[in-house]
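Me: I would like to learn how to read backbone and strand features in a model such as this one. Could you take me through them step by step?

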Amino acid sequence: GCASMVTHPVPVASGKIQLALGQYPELAKADGAVKLQPAGHEDPIYVLANGRDFVAVSPICTHRGCTVDVHGERLVCPCHGSTYDRSGNVLKGPAQRALARYPVNRSGDTLVIEIV
């Protein structure tokens, strides 16, 4: 099923978001995902657990700008059905460009996401 994601407001300092993994138990799951709303930014960011790594992508579909939903291994746009993998790559159109990605670095139990 498609559980609607809770949006977590997060502060941004020097263009970076620091996420304490302990505060986001969803990301401990193999297919976990969280939706962040960075302070001062209009669009949210999705952080996805991807095996042992984490990926941060813009959920804004590159086709017409709708917000994609997380469906397990896939990100699906509710407007026209564009489908992406959990790294943001296009699996099915009409979208032709991958979702915007943000660099993620892990420092201990903290994820540092660069959004500038």
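Reply: Let us begin with pairing, for which the rule is that two strands pair if DSSP finds at least two bridges between them. In this predicted model, β4 and strand β5 (residues 53-57) pair in the antiparallel sense over five bridges, and the two form a hairpin with two residues between them, where glycine 51 in the turn has a positive phi of about 65°.

Me: Which strand pairs with β4 over four bridges?

Reply: That is strand β3 (residues 33-38), again in the antiparallel sense; β3 and β4 form a hairpin with six residues between them, and glycine 40 in the turn has a positive phi of about 80°. Tyrosine 46 of β4 is the bridge partner of lysine 35, and tyrosine 46 also has valine 57 in β5 as a bridge partner.

Me: Why is β4 described as largely enclosed by the rest of the structure?

Reply: A residue counts as buried when its relative accessible area is under 20%. Five of the six residues of β4 (residues 45-50) are buried, and therefore the strand is largely enclosed.

Me: How should I read phi and omega outside the strands?

Reply: Most residues other than glycine have a negative phi, and most peptide bonds are trans. Serine 14, in the loop between β1 (7-10) and β2 (16-20), has a positive phi, near 55°, and this serine 14 is exposed, with a relative accessible area of 74%. As for omega, a cis peptide bond with a value of about 15° joins glycine 93 and proline 94, and proline 94 is placed in the loop between β9 (90-92) and β10 (101-102).

How values were computed: Residues numbered from 1 in each chain as written. Predicted model: local features only at pLDDT ≥ 70, side-chain atom pairs only at ≥ 80, totals over all residues. Heavy atoms only, no water. Buried < 20%, exposed > 50% of the residue type's maximum accessible area, 1.4 Å probe, protein only.
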